[in-house]
Amino acid sequence: LSKTRGCTHVVARRRRGRQKARLPEPRSGAAAMIPHCQLPSHIATGPHVSPFVSSPSHAGRAEDLHVPSSGSSAPFSVAPSADHAEASAGAEPRKHTTYPYVTGNSVLAIKYKDGVLMAADMLGAYGSTKRYKSVQRILRVNDTTIVGASGEISDFQYISNLLDELMTQDFCYDDGCTMTPKEVHAYLCRVMYNRRNKMDPLWNSLVVAGVDKTSGSFVGSVGMLGTSYTDSHVATSFGNHLSRPLFREFQRDDMSLEEAVSLMQEALRVLFYRDKTSINKYVLAKVDSSGVAISKPFALDTKWDLKAFVNPSKHAVGSW
């Protein structure tokens with residue numbers, strides 16, 4: 001019996017100790033912190049949802065990304081929407097530049113007796129809209145090399161930054177050597193092919209031209225996939241179809257500067273007549289032993305008073 005009474009007193013003391021350790025219950029009128037609160041509907045369904053709100057019935061929408069997936073989730077945990085879950089499950093691969101937006105058109109380059117000539121218009125077309133009309137698409141790389149680009153303007157700006165960093169590094173070496181046009185062409189081939197292998201190509205066709213003291217004049221082209229070639233005359237875009245036939249017939253490596261300028265102007269005029277994404281505003285760049293010279297913008301003389309333009313449907317079958 002004594003042992004039983006002793007156990008009974010011990011149990012009673014433990015119960016009294018637990019009751020003392022308990023926190024007092026908050027009164028109904030006192031302010032208490034509520035971890036889960038119900039917000040008004042116009043707030044709870046908006047983008048600024050409290051992280052303490054329990055899971056709503058419309059979970060899975062894009063605007064409910066801040067709502068925990070369940071009531072037991074930790075505060076500020078994010079429940080992905082159904083669209084995000086499908087994308088993360090590998091429905092489609094990650095996409096980069098799949099279509100160019102602001103683009104430039106043809107770039108032409110030819111050799112002549114003392115150097116090389118390059119020409120391009122200054123249009124940055126937004127689709128079929130002639131949006132930007134003062135875009136410089138011929139870049140001076142160093143005293144012996146120039147680069148022209150057709151295609152996506154933003155990608156060409158990225159390439160320009162790469163070349164600027166490369167030339168800065170070349171200058172810092174201070175060894176008396178500078179990159180030749182052939183070396184710049186090889187570097188751009190590697191850059192374009194590298195981005196092609198990453199499935200994120202730079203959407204440009206590049207023309208590299210310059211004069212090397214040892215090997216003479218150089219003209220080469222690089223495509224967006226890294227394909228490249230060198231020739232006495234190159235062109236990109238519509239210039240491949242409309243200007244190179246003229247170059248094949250009239251271009252010579254020993255032609256004078258005046259003859260080269262005249263041929264280039266004629267090729268640009270043909271392009272302007274037949275290519276809708278071109279404007280009559282051009283720059284002409286020259287590289288010779290004295291260095292690089294890029295002209296100010298100029299316009300060509302054009303002729304639109306041909307008889308066929310007066311009534312173009314005169315001899316068309318079934319015309320009005």
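**Close-up views of a predicted model**

**View 1. Arg252, Asp254 and Glu259 are joined in a network of salt bridges.** A salt bridge is a side-chain nitrogen of Lys or Arg within 4 Å of a carboxyl oxygen of Asp or Glu. This is a predicted model, in which local features need pLDDT of at least 70 and side-chain atom pairs count only at pLDDT 80 or more, while totals for chains, interfaces and linings use all residues. Residues are numbered from 1 along each chain as its sequence is written, and side-chain values use heavy atoms, with hydrogens and water left out. Between arginine 252 and aspartate 254, the closest N and O atoms are 3.3 Å apart. Arginine 252 is partly exposed, at 38% relative accessible area, whereas aspartate 254 is exposed, at 54% (buried means under 20%, exposed over 50%, partly exposed in between, with a 1.4 Å probe and protein chains only).

**View 2. Aspartate 121 and arginine 137 form a salt bridge (2.5 Å, N to O).** This pair links distant parts of the chain, 16 residues apart: aspartate 121 belongs to strand 3 (residues 115-121), and arginine 137 to the loop between strand 5 (129-132) and strand 6 (138-140). Helices (H or I, at least four residues) and strands (E, at least two) are DSSP runs, numbered from the N terminus. Aspartate 121 is buried, with a relative accessible area of 3%, and arginine 137 is buried as well, at 1%.

**View 3. A salt bridge joins the side chains of aspartate 231 and arginine 244 (2.9 Å, N to O).** Aspartate 231 lies in the loop between strand 10 (228-230) and strand 11 (233-235), and arginine 244 in helix 7 (residues 244-250). Aspartate 231 is partly exposed, at 32% relative accessibility, but arginine 244 is buried, at 9%. A search of the whole structure finds eight salt bridges.

**View 4. The largest pocket holds about 250 Å³ of space.** On a 1 Å grid over the protein atoms alone, a pocket is an open set of points where a 1.4 Å probe fits, with protein on both sides within 12 Å along at least five of seven lines; lining residues have an atom within 4 Å of a point. Grid points are joined across faces, edges and corners, and a volume is the space filled by probe spheres set on the points. Among the lining residues are Val141, Asn142, Met167, Asp170, Phe171 and Cys177.

**View 5. The second largest pocket has a volume of about 200 Å³.** Its lining includes Thr103, Leu123, Phe238, Asp275 and Lys276.
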